[in-house]
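Here are my notes on the model, as numbered points. Please read them with the structure open.

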Amino acid sequence: MNESSATNEIMTQPSAAPQSAPDPVRTSSVQPASATAPRTGLVLGGGGARGCYEIGAWQAFHECGIHFDCVAGTSIGALVGAIYVQHTLKPLVDFVYTMSPAMIATDMPEIPENLQDIRTHKEDLIRFFRKYIRSGADISPLKDAIHRMFDWKLFSESSVDFACMTINVTKMQGEAFFKKDMTEENAESVILASASCFPAFPMLKMGNDYYIDGGMEDNLPIGLAQDMGAQKIIAIDVHGPGRTKPLPHDGSVTYYQPIIDLNNFLDFREDSCVRSLHLGYLDTMKRNDRFCGYVFTFTQASWPRLYMVSQYVTMHLESFGIHPDNTLAARCFRMSYGYDPAPLVNRYSENYAGGRLVEALAISVGLDPVQLMSFSYFLTCLKDKTERIPPLRQPGKVRQSLTLLQNSSRDQVISFLHAALVHHNGRLPLVLDPLKKLFETEYILACTWYCLQDYLK
């Protein structure tokens with residue numbers, strides 16, 4: 001199958017597993033470190049439903065041949081980490097692809113991200129919280145899921161070490177559990193204790209003590225990986241609620257975080273969880289030079305053309321008085337997202353300032369970045385999106401134009417300015433020149449669009 005057909009298949013099936021995702025029940029065994037190789041650790045932060053991102057990252061690590069000698073986690077990170085130890089990825093992936101709130105707690109409703117959806121599900125939410133106040137959440141579905149996925153024999157015999165963080169409420173202090181402390185009788189309870197996100201979930205009793213989610217003690221337990229002897233660590237922070245201790249910046253830890261924000265940590269809807277898994281896979285593959293792009297993800301074979309477009313756009317934007325860099329691109333992404341996407345450094349990023357602006361243009365017109373595609377397919381989708389923008393009639397006076405644009409959508413403003421550039425050979429007419437400052441970011445993206453079209457001619 002050629003690149004184009006393979007890539008298009010993924011793009012037309014957005015709910016499919018990421019390309020080349022591991023399929024066997026058992027992933028390949030972790031390779032033991034040599035006598036001279038540094039001991040490697042993986043740290044997985046807590047974050048409820050956002051932990052699906054960590055599962056996608058694991059898929060990418062597997063595909064890249066990256067293995068770890070030990071893993072430490074908190075909350076959902078403890079669950080994913082424990083399954084990592086036993087090398088059984090597929091049950092976790094299957095769990096994500098069949099996810100629903102009811103698989104976490106009995107009668108748990110959908111808890112969506114935006115206010116409008118919350119209003120839609122208002123009655124279900126009220127019913128659940130009334131029951132919760134009376135008797136607490138019943139997390140037996142999560143307990144059953146852990147029991148199905150966790151295999152003590154595989155876990156205990158694995159060469160990969162493990163630790164997780166909890167809070168011992170009885171003793172009012174954080175308490176770490178290491179693999180050497182765990183037994184066949186208590187292992188599942190330890191994992192569940194770390195994931196008992198109080199007060200959403202009830203406290204868990206082990207022996208005479210009560211435990212809750214360790215996120216309030218250390219949501220990204222790098223110290224536990226160091227205690228297990230890890231000298232080189234990858235720490236994945238999905239920004240769940242809790243406390244993160246001061247992070248070391250001595251070069252021993254590489255930090256991963258979602259490039260674009262994930263949904264709220266209690267959003268256990270299947271489509272949301274699958275999207276987080278895809279993001280974890282795509283981001284991790286980009287961080288390890290397997291794919292290129294920034295917010296969008298392109299096949300490695302796309303890089304030569306992507307590089308040429310990026311350089312062309314960068315060079316020709318100079319004629320508009322625009323000097324592309326990552327700061328300028330961040331401003332354009334902020335216009336669409338309301339925040340700056342997380343940094344990404346790989347072998348491609350140094351020569352990609354113009355490409356980031358092209359991606360920001362694609363985001364501003366509504367193209368979904370959570371998919372793997374060839375750059376050619378991306379350009380086709382971008383062309384389709386821009387052609388669908390409802391056109392605005394250009395009035396003759398700047399005051400009329402200002403009123404028109406202030407009452408128009410962002411993509412319409414960009415389209416309006418782009419049309420003016422096209423009709424006047426790359427320059428705004430004098431009457432529209434003040435709009436450069438009033439709609440500065442939209443003007444930058446309109447110029448980017450103009451340069452991209454000029455290249456494609």
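1. Lining of the largest pocket. Helix H2 (52-64), H3, helix H4 (90-97), helix H7 (140-149), strand E6 (209-213) and helix H10 (215-218) each give at least two residues to the lining of the largest pocket. Helices (H or I, at least four residues) and strands (E, at least two) are DSSP runs, numbered from the N terminus. The space in this pocket is about 420 Å³. Its lining has 33 residues, and the closest to the centre are Gly48, Ser75, Ala195, Cys197 and Asp213. A pocket is an open set of points on a 1 Å grid over the protein atoms alone, where a 1.4 Å probe fits, with protein on both sides within 12 Å along at least five of seven lines; lining residues have an atom within 4 Å of a point. Grid points are joined across faces, edges and corners, and the volume is the space filled by probe spheres set on the points.

2. Basis of the values. This is a predicted model: local features need pLDDT of at least 70, side-chain atom pairs count only at pLDDT 80 or more, and totals for chains, interfaces and linings use all residues. Residues are numbered from 1 along each chain as its sequence is written, and side-chain values use heavy atoms, with hydrogens and water left out.

3. Whole chain. The protein chain has 20 helices and 10 strands. Of its 457 residues, 54% count as buried. Buried means under 20% relative accessible area, exposed over 50%, and partly exposed in between (1.4 Å probe, protein chains only). The accessible surface comes to about 20,500 Å², and 52% of that belongs to carbon and sulfur atoms. Areas come from the Shrake-Rupley method with a 1.4 Å probe; for residues, only the protein chains shown count as cover. Of the contacts with a separation of 6 or more, 76% are between residues 24 or more positions apart. Contact means heavy atoms within 4.5 Å.

4. Helix H3. Is H3 buried or exposed? 10 of the 10 residues of H3 are buried, so this helix is largely enclosed by the rest of the structure. Among them are Ile76, Leu79, Val80, Ile83 and Tyr84. Isoleucine 76 belongs to H3 (residues 76-85). Leaving aside neighbours within four places in sequence, isoleucine 76 touches Gly45, Gly46, Gly47, Gly48, Gly51 and Glu54.

5. Most residues other than glycine have a negative phi. Check two residues here. Histidine 87 lies in the loop between H3 and H4 and is buried, at 6% relative accessibility. Methionine 172 has a positive phi of about 55°. Methionine 172 sits in the loop between strand E3 (161-168) and strand E4 (173-178) and is exposed, with a relative accessible area of 68%.

6. Salt bridges. How many salt bridges does a search of the whole structure find? The search finds 14. A salt bridge is a side-chain nitrogen of Lys or Arg within 4 Å of a carboxyl oxygen of Asp or Glu. Arginine 269 pairs with aspartate 267 at 2.8 Å, N to O. Both of these residues are buried. Aspartate 283 pairs with lysine 286, with closest N and O atoms 3.9 Å apart. Both lie in helix H12 (residues 270-287), 3 residues apart, about one turn of the helix. Aspartate 283 is buried at 2% relative accessibility, and lysine 286 is buried at 1%. Glutamate 387 and lysine 383 pair at 2.6 Å between the closest N and O atoms. They lie 4 residues apart in helix H16 (residues 375-387). Glutamate 387 is exposed, with a relative accessible area of 55%.

7. Cysteines. The search finds 0 disulfides. A disulfide is a pair of cysteine sulfur atoms within 2.5 Å. Cysteine 447 is in no disulfide; the nearest cysteine sulfur, that of cysteine 451, is 6.7 Å away. Cysteine 447 is buried at 0% relative accessibility. Cysteine 64 is buried too, at 14%.

8. Serine 310. This residue lies in helix H13 (residues 303-317). Serine 310 is buried, at 0% relative accessibility. Leaving aside neighbours within four places in sequence, serine 310 is in contact with Asn351, Tyr352, Ala353, Gly354 and Gly355.
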